[in-house]
Amino acid sequence: MKEYDTLIKNGYVVLPDRVQKLDIGIRDGCIAAIGEGLHGPASLEYNAENRYIFPGGIDVHVHFNEPGREDWEGFSTGSAMMAAGGMTTYFDMPLNGIPSTVSLSALHEKTQIAGQKSIVDFGLWGGLVPGNEEELAGFADGVIGFKAFMSPSGNPQFERADDQTLLQGMKQIAKLGSLLALHAESAPMIKHMQAEQTGTDADAYAGSRPIEAETEAVQRAINFAKLTGCPLHFVHISNAETIDTIEEAKQDGMDITVETCAHYLLFNHSSLQTQGAAAKCAPPLRPEKERQQLVQYLLDGKIDIVSSDHSPCPPELKDTTNMFTAWGGINGGQFTLMALIETALRYQIPLSRVAAWVSSNPAARFQLDKTKGEAAVGKAADLVVVDLETSHTITAQDLYTKHQQSLYIDHTFPCRIIQTFYQGEVVYHHQTGVTNHPSSI
(Lines give C-alpha, C1' and ligand atoms only; values in the text may rest on other atoms or scores of the structure.)
Protein backbone atom coordinates (compact mmCIF):
# COMPACT_ATOMS: atom_id res chain seq x y z
CA MET A 1 0.00 0.00 0.00
CA LYS A 2 1.37 3.41 -0.92
CA GLU A 3 2.27 5.74 1.94
CA TYR A 4 2.04 8.95 -0.10
CA ASP A 5 0.34 10.06 -3.28
CA THR A 6 3.27 12.41 -3.94
CA LEU A 7 6.66 12.71 -2.30
CA ILE A 8 8.60 15.94 -2.91
CA LYS A 9 12.25 15.39 -2.07
CA ASN A 10 15.23 17.65 -1.33
CA GLY A 11 13.53 21.03 -1.64
CA TYR A 12 14.23 24.14 0.44
CA VAL A 13 10.87 24.54 2.18
CA VAL A 14 9.89 28.11 3.07
CA LEU A 15 8.50 27.88 6.60
CA PRO A 16 7.12 30.74 8.75
CA ASP A 17 10.41 31.17 10.65
CA ARG A 18 13.08 29.69 8.40
CA VAL A 19 13.99 27.98 5.13
CA GLN A 20 15.08 24.36 5.55
CA LYS A 21 15.94 21.48 3.23
CA LEU A 22 13.12 18.99 3.81
CA ASP A 23 10.92 16.42 2.12
CA ILE A 24 7.13 16.75 1.88
CA GLY A 25 4.77 13.79 1.78
CA ILE A 26 1.31 14.41 0.32
CA ARG A 27 -1.72 12.19 0.82
CA ASP A 28 -5.40 12.84 -0.07
CA GLY A 29 -4.70 16.43 -1.06
CA CYS A 30 -3.07 17.37 2.23
CA ILE A 31 0.44 17.49 3.63
CA ALA A 32 0.85 14.23 5.54
CA ALA A 33 4.49 14.64 6.58
CA ILE A 34 7.38 17.11 6.48
CA GLY A 35 10.85 16.06 7.49
CA GLU A 36 14.33 14.99 6.52
CA GLY A 37 14.80 11.73 4.67
CA LEU A 38 11.15 10.79 4.17
CA HIS A 39 10.70 7.40 2.55
CA GLY A 40 7.81 5.22 1.56
CA PRO A 41 5.99 4.13 -1.56
CA ALA A 42 4.51 7.06 -3.53
CA SER A 43 2.63 7.26 -6.80
CA LEU A 44 4.80 10.22 -7.79
CA GLU A 45 8.21 11.22 -6.48
CA TYR A 46 9.48 14.66 -7.41
CA ASN A 47 13.07 15.81 -6.90
CA ALA A 48 13.13 19.50 -5.95
CA GLU A 49 16.91 19.66 -5.52
CA ASN A 50 18.18 23.28 -5.38
CA ARG A 51 14.63 24.63 -5.63
CA TYR A 52 12.46 26.47 -3.12
CA ILE A 53 9.01 25.36 -2.07
CA PHE A 54 6.61 28.13 -1.05
CA PRO A 55 3.08 27.73 0.28
CA GLY A 56 0.53 28.45 -2.42
CA GLY A 57 -0.27 32.14 -2.73
CA ILE A 58 -3.61 33.72 -1.83
CA ASP A 59 -4.43 36.69 -4.06
CA VAL A 60 -7.15 38.59 -2.21
CA HIS A 61 -7.87 41.04 -5.05
CA VAL A 62 -8.60 40.06 -8.67
CA HIS A 63 -11.21 41.01 -11.28
CA PHE A 64 -12.35 38.13 -13.48
CA ASN A 65 -15.53 39.85 -14.73
CA GLU A 66 -17.89 36.91 -15.11
CA PRO A 67 -20.74 36.76 -15.77
CA GLY A 68 -21.18 39.28 -18.54
CA ARG A 69 -17.64 40.34 -19.39
CA GLU A 70 -15.80 37.10 -19.99
CA ASP A 71 -14.20 38.78 -23.01
CA TRP A 72 -12.27 40.92 -20.48
CA GLU A 73 -11.17 37.97 -18.33
CA GLY A 74 -13.03 34.87 -17.18
CA PHE A 75 -12.58 32.22 -14.53
CA SER A 76 -10.97 29.77 -16.96
CA THR A 77 -8.19 32.07 -18.14
CA GLY A 78 -7.97 33.91 -14.83
CA SER A 79 -7.51 30.79 -12.71
CA ALA A 80 -4.98 29.42 -15.21
CA MET A 81 -3.03 32.64 -14.77
CA MET A 82 -3.23 32.23 -10.99
CA ALA A 83 -1.83 28.69 -11.21
CA ALA A 84 1.01 29.84 -13.48
CA GLY A 85 1.85 32.55 -10.96
CA GLY A 86 1.91 30.24 -7.95
CA MET A 87 -1.47 31.41 -6.63
CA THR A 88 -3.63 28.52 -5.45
CA THR A 89 -6.45 30.67 -4.01
CA TYR A 90 -7.92 33.98 -5.14
CA PHE A 91 -10.78 36.31 -4.19
CA ASP A 92 -12.76 37.80 -7.07
CA MET A 93 -14.07 41.36 -6.76
CA PRO A 94 -17.79 42.12 -7.21
CA LEU A 95 -17.97 45.08 -9.55
CA ASN A 96 -17.30 44.19 -13.19
CA GLY A 97 -19.68 41.27 -13.71
CA ILE A 98 -23.12 41.76 -15.22
CA PRO A 99 -24.83 41.73 -12.80
CA SER A 100 -22.44 42.94 -10.13
CA THR A 101 -22.30 40.75 -7.03
CA VAL A 102 -24.63 42.85 -4.88
CA SER A 103 -27.44 40.35 -4.25
CA LEU A 104 -27.97 36.71 -3.35
CA SER A 105 -29.09 35.79 -6.88
CA ALA A 106 -25.99 37.39 -8.42
CA LEU A 107 -23.78 35.59 -5.92
CA HIS A 108 -25.38 32.23 -6.75
CA GLU A 109 -24.84 32.79 -10.48
CA LYS A 110 -21.18 33.73 -10.09
CA THR A 111 -20.49 30.90 -7.64
CA GLN A 112 -21.86 28.36 -10.09
CA ILE A 113 -19.78 29.72 -12.98
CA ALA A 114 -16.58 29.88 -10.96
CA GLY A 115 -17.14 26.39 -9.55
CA GLN A 116 -17.39 24.97 -13.05
CA LYS A 117 -14.41 26.81 -14.50
CA SER A 118 -11.80 27.57 -11.85
CA ILE A 119 -8.82 25.22 -11.61
CA VAL A 120 -7.76 26.51 -8.17
CA ASP A 121 -9.62 27.64 -5.03
CA PHE A 122 -11.62 30.84 -5.02
CA GLY A 123 -13.63 33.11 -2.78
CA LEU A 124 -16.00 35.88 -3.84
CA TRP A 125 -16.37 39.41 -2.54
CA GLY A 126 -19.84 40.89 -2.18
CA GLY A 127 -20.53 44.51 -3.04
CA LEU A 128 -21.78 47.38 -0.89
CA VAL A 129 -23.55 49.96 -3.08
CA PRO A 130 -26.28 52.54 -2.43
CA GLY A 131 -29.59 50.78 -1.84
CA ASN A 132 -28.40 47.27 -0.93
CA GLU A 133 -27.36 47.88 2.69
CA GLU A 134 -30.29 45.88 4.06
CA GLU A 135 -29.61 42.98 1.65
CA LEU A 136 -26.10 42.25 2.93
CA ALA A 137 -27.25 39.76 5.57
CA GLY A 138 -28.88 37.64 2.87
CA PHE A 139 -25.61 36.72 1.19
CA ALA A 140 -22.96 37.37 3.84
CA ASP A 141 -22.37 33.67 4.45
CA GLY A 142 -21.37 33.13 0.82
CA VAL A 143 -18.78 35.88 0.49
CA ILE A 144 -15.30 36.44 1.86
CA GLY A 145 -16.26 40.01 2.80
CA PHE A 146 -17.73 43.13 1.22
CA LYS A 147 -16.19 45.75 -1.07
CA ALA A 148 -17.12 49.39 -1.61
CA PHE A 149 -15.71 52.31 -3.59
CA MET A 150 -15.34 55.78 -2.10
CA SER A 151 -14.72 57.19 -5.59
CA PRO A 152 -16.36 56.23 -8.90
CA SER A 153 -15.54 52.61 -9.78
CA GLY A 154 -15.37 53.15 -13.53
CA ASN A 155 -18.40 50.89 -13.88
CA PRO A 156 -21.77 52.71 -13.75
CA GLN A 157 -23.41 49.43 -12.68
CA PHE A 158 -21.42 49.51 -9.40
CA GLU A 159 -22.00 52.92 -7.84
CA ARG A 160 -19.65 54.46 -5.34
CA ALA A 161 -20.82 54.38 -1.74
CA ASP A 162 -21.67 57.84 -0.38
CA ASP A 163 -21.09 58.56 3.29
CA GLN A 164 -24.58 57.47 4.36
CA THR A 165 -24.24 54.19 2.48
CA LEU A 166 -20.87 53.58 4.12
CA LEU A 167 -22.18 54.25 7.61
CA GLN A 168 -25.26 52.09 7.16
CA GLY A 169 -23.29 49.37 5.41
CA MET A 170 -20.51 49.33 8.01
CA LYS A 171 -23.10 49.00 10.78
CA GLN A 172 -24.63 45.96 9.02
CA ILE A 173 -21.25 44.39 8.21
CA ALA A 174 -20.11 44.72 11.82
CA LYS A 175 -23.28 42.96 13.00
CA LEU A 176 -22.63 40.16 10.51
CA GLY A 177 -19.10 39.61 11.79
CA SER A 178 -17.71 40.33 8.33
CA LEU A 179 -15.35 43.04 7.06
CA LEU A 180 -15.36 45.82 4.48
CA ALA A 181 -12.67 46.26 1.84
CA LEU A 182 -12.40 49.82 0.59
CA HIS A 183 -11.10 51.51 -2.50
CA ALA A 184 -10.24 54.67 -0.60
CA GLU A 185 -9.87 57.78 -2.76
CA SER A 186 -11.79 61.00 -2.15
CA ALA A 187 -14.38 61.56 -4.89
CA PRO A 188 -14.64 65.35 -4.32
CA MET A 189 -10.86 65.76 -4.43
CA ILE A 190 -10.56 63.72 -7.63
CA LYS A 191 -13.37 65.67 -9.30
CA HIS A 192 -11.80 68.98 -8.30
CA MET A 193 -8.26 68.03 -9.30
CA GLN A 194 -9.34 66.58 -12.64
CA ALA A 195 -11.01 69.90 -13.49
CA GLU A 196 -7.71 71.63 -12.73
CA GLN A 197 -5.77 69.61 -15.35
CA THR A 198 -5.07 71.14 -18.76
CA GLY A 199 -4.01 67.95 -20.55
CA THR A 200 -4.88 64.25 -20.77
CA ASP A 201 -1.41 62.70 -20.53
CA ALA A 202 0.23 60.67 -17.76
CA ASP A 203 1.17 63.74 -15.72
CA ALA A 204 -2.37 65.12 -15.86
CA TYR A 205 -3.88 61.81 -14.81
CA ALA A 206 -1.49 61.43 -11.87
CA GLY A 207 -2.17 65.03 -10.89
CA SER A 208 -5.88 64.32 -10.71
CA ARG A 209 -5.45 61.56 -8.11
CA PRO A 210 -2.98 62.90 -5.53
CA ILE A 211 -1.84 61.13 -2.39
CA GLU A 212 -4.04 63.47 -0.36
CA ALA A 213 -7.11 61.88 -1.99
CA GLU A 214 -6.11 58.52 -0.55
CA THR A 215 -5.23 59.85 2.87
CA GLU A 216 -8.45 61.85 3.28
CA ALA A 217 -10.65 58.91 2.29
CA VAL A 218 -8.77 56.51 4.55
CA GLN A 219 -9.08 58.85 7.54
CA ARG A 220 -12.81 59.31 6.90
CA ALA A 221 -13.33 55.55 6.68
CA ILE A 222 -11.41 55.04 9.91
CA ASN A 223 -13.65 57.58 11.65
CA PHE A 224 -16.72 55.74 10.34
CA ALA A 225 -15.28 52.44 11.56
CA LYS A 226 -14.81 53.92 15.03
CA LEU A 227 -18.54 54.73 15.11
CA THR A 228 -19.71 51.40 13.72
CA GLY A 229 -17.12 48.89 14.92
CA CYS A 230 -16.65 47.60 11.38
CA PRO A 231 -13.38 45.78 10.54
CA LEU A 232 -11.66 47.31 7.49
CA HIS A 233 -9.30 46.12 4.80
CA PHE A 234 -7.79 48.92 2.71
CA VAL A 235 -6.95 47.77 -0.80
CA HIS A 236 -4.09 48.84 -3.11
CA ILE A 237 -2.64 51.61 -0.95
CA SER A 238 0.05 53.29 -3.02
CA ASN A 239 2.04 55.48 -0.65
CA ALA A 240 3.67 55.69 2.76
CA GLU A 241 1.81 58.78 4.00
CA THR A 242 -1.53 56.99 3.84
CA ILE A 243 -0.06 53.95 5.55
CA ASP A 244 1.00 56.24 8.41
CA THR A 245 -2.66 57.09 8.92
CA ILE A 246 -3.61 53.40 8.92
CA GLU A 247 -0.73 52.49 11.23
CA GLU A 248 -1.89 55.05 13.79
CA ALA A 249 -5.37 53.49 13.79
CA LYS A 250 -3.85 50.01 14.19
CA GLN A 251 -1.85 51.22 17.17
CA ASP A 252 -5.11 52.45 18.69
CA GLY A 253 -6.38 48.86 18.52
CA MET A 254 -8.63 49.10 15.47
CA ASP A 255 -9.30 45.98 13.40
CA ILE A 256 -7.67 47.10 10.15
CA THR A 257 -5.43 45.50 7.55
CA VAL A 258 -3.73 47.10 4.57
CA GLU A 259 -2.71 45.74 1.20
CA THR A 260 -0.53 47.12 -1.52
CA CYS A 261 0.07 45.68 -4.98
CA ALA A 262 3.14 44.30 -6.71
CA HIS A 263 3.04 47.00 -9.39
CA TYR A 264 3.41 49.77 -6.79
CA LEU A 265 6.51 48.03 -5.46
CA LEU A 266 8.26 47.51 -8.83
CA PHE A 267 7.12 50.40 -11.02
CA ASN A 268 6.79 54.18 -10.76
CA HIS A 269 5.21 57.12 -12.57
CA SER A 270 7.79 56.98 -15.35
CA SER A 271 6.23 53.65 -16.44
CA LEU A 272 2.93 55.46 -17.04
CA GLN A 273 4.79 58.11 -19.00
CA THR A 274 6.62 55.59 -21.20
CA GLN A 275 4.16 52.67 -21.45
CA GLY A 276 0.93 54.64 -21.46
CA ALA A 277 -2.40 53.02 -20.68
CA ALA A 278 -0.89 49.57 -19.99
CA ALA A 279 0.44 51.14 -16.78
CA LYS A 280 -2.74 53.03 -15.83
CA CYS A 281 -4.33 52.09 -12.52
CA ALA A 282 -6.11 53.81 -9.66
CA PRO A 283 -4.53 55.05 -7.50
CA PRO A 284 -1.83 55.81 -10.06
CA LEU A 285 1.77 54.65 -9.95
CA ARG A 286 3.66 57.13 -7.80
CA PRO A 287 7.01 58.93 -8.31
CA GLU A 288 10.19 56.98 -7.57
CA LYS A 289 10.70 58.56 -4.15
CA GLU A 290 7.22 57.42 -3.12
CA ARG A 291 7.84 53.93 -4.51
CA GLN A 292 11.01 53.60 -2.45
CA GLN A 293 9.22 54.73 0.70
CA LEU A 294 6.43 52.22 0.07
CA VAL A 295 8.96 49.40 -0.27
CA GLN A 296 10.61 50.48 2.98
CA TYR A 297 7.23 50.36 4.75
CA LEU A 298 6.74 46.84 3.42
CA LEU A 299 10.13 45.85 4.84
CA ASP A 300 9.26 47.59 8.11
CA GLY A 301 6.18 45.40 8.55
CA LYS A 302 3.58 48.13 8.05
CA ILE A 303 1.89 46.38 5.11
CA ASP A 304 -0.01 43.18 5.81
CA ILE A 305 -0.79 41.74 2.39
CA VAL A 306 0.41 42.12 -1.19
CA SER A 307 -2.08 41.41 -3.98
CA SER A 308 -2.22 41.90 -7.73
CA ASP A 309 -5.45 43.89 -8.24
CA HIS A 310 -5.47 42.07 -11.58
CA SER A 311 -7.87 44.15 -13.69
CA PRO A 312 -7.49 43.52 -17.43
CA CYS A 313 -9.62 44.60 -20.35
CA PRO A 314 -9.78 44.15 -24.13
CA PRO A 315 -6.82 45.90 -25.82
CA GLU A 316 -9.02 48.46 -27.55
CA LEU A 317 -9.94 49.96 -24.17
CA LYS A 318 -6.27 50.74 -23.63
CA ASP A 319 -5.65 51.92 -27.20
CA THR A 320 -5.59 55.65 -26.52
CA THR A 321 -3.20 58.34 -25.36
CA ASN A 322 -5.95 59.94 -23.24
CA MET A 323 -5.20 58.66 -19.76
CA PHE A 324 -8.60 59.77 -18.48
CA THR A 325 -10.62 57.67 -20.93
CA ALA A 326 -8.34 54.60 -21.04
CA TRP A 327 -9.48 51.70 -18.86
CA GLY A 328 -7.63 51.79 -15.55
CA GLY A 329 -6.29 48.42 -14.51
CA ILE A 330 -3.09 46.37 -14.52
CA ASN A 331 -2.84 42.91 -16.08
CA GLY A 332 -0.53 41.45 -13.45
CA GLY A 333 -2.05 38.57 -11.52
CA GLN A 334 0.61 36.16 -12.74
CA PHE A 335 3.52 37.99 -11.18
CA THR A 336 2.88 38.84 -7.52
CA LEU A 337 4.93 36.01 -6.05
CA MET A 338 7.87 36.61 -8.37
CA ALA A 339 7.72 40.35 -7.66
CA LEU A 340 7.97 39.70 -3.93
CA ILE A 341 10.81 37.25 -4.38
CA GLU A 342 12.61 39.90 -6.43
CA THR A 343 12.07 42.39 -3.60
CA ALA A 344 13.30 39.93 -0.98
CA LEU A 345 16.47 39.12 -2.93
CA ARG A 346 17.19 42.77 -3.67
CA TYR A 347 16.90 43.83 -0.02
CA GLN A 348 18.31 40.60 1.43
CA ILE A 349 15.33 39.77 3.60
CA PRO A 350 14.16 36.24 4.50
CA LEU A 351 11.94 34.42 2.04
CA SER A 352 9.64 33.64 4.96
CA ARG A 353 8.55 37.30 4.76
CA VAL A 354 7.41 36.68 1.18
CA ALA A 355 5.33 33.71 2.31
CA ALA A 356 3.74 35.86 5.01
CA TRP A 357 2.72 38.66 2.63
CA VAL A 358 1.19 36.38 0.06
CA SER A 359 0.10 33.31 2.05
CA SER A 360 -0.07 33.22 5.85
CA ASN A 361 -1.25 36.81 6.40
CA PRO A 362 -4.15 36.54 3.91
CA ALA A 363 -5.08 33.14 5.32
CA ALA A 364 -5.20 34.52 8.86
CA ARG A 365 -7.10 37.69 7.94
CA PHE A 366 -9.79 35.81 6.02
CA GLN A 367 -10.04 32.86 8.44
CA LEU A 368 -8.57 30.25 6.11
CA ASP A 369 -5.55 29.48 8.28
CA LYS A 370 -6.86 26.13 9.49
CA THR A 371 -6.26 24.70 6.03
CA LYS A 372 -4.11 27.22 4.12
CA GLY A 373 -1.28 29.70 4.39
CA GLU A 374 1.80 27.61 5.18
CA ALA A 375 3.52 24.33 4.48
CA ALA A 376 2.46 22.34 7.54
CA VAL A 377 1.18 18.85 8.32
CA GLY A 378 -2.59 18.68 8.01
CA LYS A 379 -2.92 21.69 5.71
CA ALA A 380 -3.80 21.60 2.04
CA ALA A 381 -0.96 20.56 -0.25
CA ASP A 382 -1.01 23.90 -2.06
CA LEU A 383 2.66 24.40 -2.92
CA VAL A 384 4.81 26.28 -5.42
CA VAL A 385 8.25 25.16 -6.61
CA VAL A 386 10.50 28.08 -7.55
CA ASP A 387 13.93 28.20 -9.18
CA LEU A 388 16.01 31.07 -7.77
CA GLU A 389 18.96 30.33 -10.04
CA THR A 390 17.20 31.10 -13.33
CA SER A 391 16.01 34.54 -14.42
CA HIS A 392 12.82 34.95 -16.42
CA THR A 393 12.14 37.82 -18.84
CA ILE A 394 8.39 38.07 -19.44
CA THR A 395 7.08 37.95 -23.00
CA ALA A 396 3.51 38.12 -24.29
CA GLN A 397 3.67 34.36 -24.90
CA ASP A 398 4.18 33.78 -21.16
CA LEU A 399 0.79 35.27 -20.29
CA TYR A 400 -2.12 32.96 -19.48
CA THR A 401 -4.60 35.83 -19.38
CA LYS A 402 -7.33 36.47 -21.94
CA HIS A 403 -5.32 39.33 -23.47
CA GLN A 404 -1.54 39.36 -23.90
CA GLN A 405 -1.04 42.97 -22.85
CA SER A 406 0.76 43.77 -19.60
CA LEU A 407 2.96 46.26 -17.84
CA TYR A 408 5.19 43.29 -16.92
CA ILE A 409 6.19 42.41 -20.50
CA ASP A 410 9.98 42.76 -20.86
CA HIS A 411 10.47 42.81 -17.09
CA THR A 412 13.13 40.34 -15.93
CA PHE A 413 12.54 38.47 -12.67
CA PRO A 414 15.48 36.81 -10.87
CA CYS A 415 13.49 33.58 -10.54
CA ARG A 416 11.11 31.26 -12.37
CA ILE A 417 8.03 29.40 -11.16
CA ILE A 418 8.60 25.76 -12.02
CA GLN A 419 5.54 23.95 -10.74
CA THR A 420 2.33 24.60 -8.80
CA PHE A 421 0.53 21.95 -6.74
CA TYR A 422 -3.08 22.49 -5.77
CA GLN A 423 -4.47 20.00 -3.27
CA GLY A 424 -1.53 17.77 -4.13
CA GLU A 425 -2.19 17.77 -7.87
CA VAL A 426 0.02 19.49 -10.43
CA VAL A 427 -1.97 22.35 -11.99
CA TYR A 428 0.98 24.09 -13.65
CA HIS A 429 4.40 23.09 -14.92
CA HIS A 430 6.61 25.57 -16.74
CA GLN A 431 7.26 23.12 -19.60
CA THR A 432 3.79 21.63 -20.08
CA GLY A 433 1.58 24.51 -18.97
CA VAL A 434 -1.71 24.41 -17.06
CA THR A 435 -3.88 21.38 -16.33
CA ASN A 436 -7.52 21.38 -15.23
CA HIS A 437 -8.57 20.51 -11.69
CA PRO A 438 -11.65 22.60 -10.75
CA SER A 439 -12.66 23.28 -7.14
CA SER A 440 -13.76 26.02 -4.75
CA ILE A 441 -13.37 27.05 -1.11
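This text leads through the structure from the whole chain down to single residues.

The model is predicted: local features need pLDDT of at least 70, side-chain atom pairs count only at pLDDT 80 or more, and totals for chains, interfaces and linings use all residues. Residues are numbered from 1 along each chain as its sequence is written, and side-chain values use heavy atoms, with hydrogens and water left out.

Start with the whole chain. It holds 13 helices and 19 strands. Both are DSSP runs numbered from the N terminus: helices are H or I with at least four residues, strands are E with at least two. The radius of gyration is 21 Å, close to the 22 Å that the globule rule gives for 441 residues, so the chain is as compact as a globular protein of that length. That radius is taken over C-alpha atoms, and the rule is 2.2 Å times the number of residues to the power 0.38. Along its principal axes, the C-alpha trace spans about 70 × 45 × 45 Å.

Of the 441 residues, 62% count as buried. Buried means under 20% relative accessible area, exposed means over 50%, and partly exposed lies in between, with a 1.4 Å probe and protein chains only. The chain exposes about 16300 Å², and carbon and sulfur atoms supply 47% of that area. Accessible areas come from the Shrake-Rupley method with a 1.4 Å probe; for residues, only the protein chains shown count as cover.

Charges come next. The chain carries 32 positive and 53 negative side chains. Lys and Arg count as positive, Asp and Glu as negative; His and the chain ends are not counted. The centres of the two sets lie 2 Å apart. Each charge is placed at NZ of Lys, CZ of Arg, CG of Asp or CD of Glu.

Now look at the contacts, meaning heavy atoms within 4.5 Å. Among those between residues at least 6 apart in sequence, 73% join residues at least 24 apart.

The largest nonpolar core has 101 residues. Such a core is a set of buried Ala, Val, Leu, Ile, Met, Phe, Trp, Tyr and Cys residues joined through side-chain atoms within 4.5 Å. Leu180, Leu182, Leu232, Phe234 and Leu337 have the most contacts inside it. Take Leu182. Another core, of 18 residues, lies apart from the largest one; Phe91, Leu95, Ile144 and Ala181 are among its members.

Helix α1 spans residues 75-84 and is mostly covered, with eight of its ten residues buried. Among the buried ones are Phe75, Gly78, Met81 and Met82. Gly86 follows α1, and its phi is positive, near 80°.

The loop between β6 (57-62) and α1 holds Pro67. The peptide bond from Glu66 to Pro67 is cis, with omega near -5°. Asn65 is found in the loop between β6 and α1. Its phi is near 70°, a positive value in a residue other than glycine. Asn65 is buried, at 3% relative accessible area.

Two further loops show such features. Pro283 lies between α10 (269-275) and α11 (288-299), and the peptide bond from Ala282 to Pro283 is cis, with omega near -5°. Gln348 lies in the loop between α12 (336-347) and α13 (351-365). Phi of Gln348 is positive, near 55°. Gln348 is exposed, with a relative accessible area of 74%.

Lys9 sits in strand β1 (residues 4-14). Is Lys9 buried or exposed? Lys9 is buried, with a relative accessible area of 11%. Not counting residues up to four places away in sequence, Lys9 touches Asp23, Glu45 and Glu49, among others.

Lys191, in helix α5 (residues 187-196), is exposed at 68% relative accessible area.

Ser208 belongs to helix α6 (residues 202-208) and is buried, at 1% relative accessibility. Gln194 is 14 residues away along the chain, and the two C-alpha atoms are separated by 4.6 Å. Beyond residues up to four places away in sequence, Ser208 touches Ile190, Met193, Gln194, Gln197 and Phe324.
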